[in-house]
Amino acid sequence: MAPRSIFLLSSSRVHGYEFLEHAKEHLKEFLSKRKVKTVLFIPYAQSDYNKYTELVENTLKPWGYKVEGIHAKSNPIQAVLQAEALFVGGGNTFVLLKALYDANLIPIIRERVLQKGIPYIGSSAGTNVATLSIHTTNDMPVTFPPSFEALRLVPFNINPHYLDPDETTRHKGETRDERINEFIEYHKKQVLGLREGTALLVEGDIATLIGDRNAKLFLPNKEQAEFAPNSDMSFLLNKT
């Protein structure tokens, strides 16, 4: 069994940066360290696969990487089996997970990443589906996957694009914290809130917070903990 190599981004776009630019050096190091030359991109979270893949290709090609869209392959399962690395892009998490189930890709991606050590990059929805389930997505359920259970590449949930409560707002609707705590009340699972510009790097049994902002961890007892950039988050990989 090869050690897992996973890079989970809160988002691919951050204010003041071009697409993926905020994570450029970390992503290049992640891929070059594993001698990746070609990335298999999975654009299922958005409706225009060609346009989305072209965006990723135009970004990664100048960095020295070839990009292939899984939708252009005659056999998606075989494409995953032959891939050097996987990049699952953002969009609608429900649409993405349903597409992965429909294509019978859930078990093969899980096996390739957890057993063979194939590098996995997820962004936003691609990060959501890498966790235990998609219960903590921010997206609208515009379609219905057969299950909310996801790839389970890590044994906890993530809330990408995490937003802190605004104490000055007059809006009286639920905050992100309240929604996450509601999930915890029913499921008793840890949830990592990844703010914009942050990511979680998992290398084997070591997990590290990447970026220039803190992450917030929501615990099953409804307590919260803040973690600074470069924090060791390896304890999250212990199955509960």
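The dialogue below walks through a predicted model, feature by feature.

Biologist: What should I know about the numbering and the model before I start?

Modeller: Residues are numbered from 1 along each chain as its sequence is written, and side-chain values use heavy atoms, with hydrogens and water left out. The model is predicted: local features need pLDDT of at least 70, side-chain atom pairs count only at pLDDT 80 or more, and totals for chains, interfaces and linings use all residues.

Biologist: How do I read the sheet, and what is the order of its strands?

Modeller: Strands of a sheet pair through backbone hydrogen bonds, either parallel or antiparallel. Strands (E, at least two residues) and helices (H or I, at least four) are DSSP runs, numbered from the N terminus. Two strands pair if DSSP finds at least two bridges between them. Here an open sheet of 7 strands has mixed pairing and the order β3-β2-β4-β5-β1-β8-β9. Its edge strands, each pairing on one side only, are β3 (66–69) and β9 (206–210). From one strand to the next the twist averages 20 degrees.

Biologist: In what sense do β2 and β3 pair, and which helix lies across them?

Modeller: They pair in the parallel sense over 4 bridges, with Thr38 opposite Lys66 in β3. Helix α2 (residues 49–60) lies across β2, β3 and β4, and runs at about 170 degrees to β3. For such angles, axes are lines fitted to C-alpha atoms, for helices over the stretch in contact, and angles run from 0 to 180 degrees between N-to-C directions.

Biologist: Is β1 enclosed or open to the outside?

Modeller: Buried means under 20% relative accessible area, exposed means over 50%, and partly exposed is in between (1.4 Å probe, protein chains only). In β1, 5 of the 5 residues are buried, so the strand is largely enclosed by the rest of the structure. Ser5, Phe7 and Leu9 point one way, while Ile6 and Leu8 point the other way.

Biologist: Which strands does β1 pair with?

Modeller: β1 is joined to β8 by 5 bridges, and the two run antiparallel; Leu9 has Ala199 as its bridge partner in β8. β1 is also joined to β5 by 4 bridges, and these two run parallel. Leu8 stands opposite Gly122 in β5, and Leu9 opposite Ser123.

Biologist: How do I read the helix α5, and what does it pack against?

Modeller: An α-helix has 3.6 residues a turn, so residues three or four places apart point the same way. In α5 (residues 106–114), the buried residues are Ile106, Ile108, Ile109, Arg112, Val113 and Leu114. They pack against β1 (5–9), β2 (38–42), α3 (76–82), β4 (86–88), α4 (93–102) and β5 (120–123), where contact means heavy atoms within 4.5 Å.

Biologist: How many aromatic pairs are there, and how are the rings of Phe7 and Phe30 arranged?

Modeller: Rings of Phe, Tyr and Trp (its six-membered ring) pair if their centres lie within 6.5 Å; planes under 30 degrees apart count as stacked, over 60 as edge-to-face and the rest as tilted. By this rule the count is 7 aromatic pairs. Phe7 and Phe30 have ring centres 5.6 Å apart and planes at 55 degrees, so this pair is tilted. Phe7 is in strand β1 and Phe30 in helix α1 (residues 24–33), so the pair ties together parts 23 residues apart in sequence. Phe7 counts as buried at 2% relative accessibility, and Phe30 is buried with a relative accessible area of 3%.

Biologist: Why is the pair of Phe41 and Tyr52 called edge-to-face?

Modeller: Their ring centres are 4.9 Å apart and their planes are at 90 degrees, so the pair is edge-to-face. Phe41 lies in strand β2 and Tyr52 in helix α2, 11 residues apart.

Biologist: Which residues line the largest cavity?

Modeller: Rolling a probe the size of a water molecule over the atoms shows where empty space is left. On a 1 Å grid over the protein atoms alone, a cavity is a set of points where a 1.4 Å probe fits but cannot get out, and lining residues have an atom within 4 Å of a point. Grid points are joined across faces, edges and corners, and a volume is the space filled by probe spheres set on the points. The structure holds 1 cavity of 30 Å³ or more. The largest cavity has a volume of about 30 Å³, and its lining is Leu20, Leu27, Leu31, Leu60, Trp63, Phe87 and Ile121.

Terms used. On a 1 Å grid over the protein atoms alone, a cavity is a set of points where a 1.4 Å probe fits but cannot get out, and a pocket is an open set with protein on both sides within 12 Å along at least five of seven lines; lining residues have an atom within 4 Å of a point.
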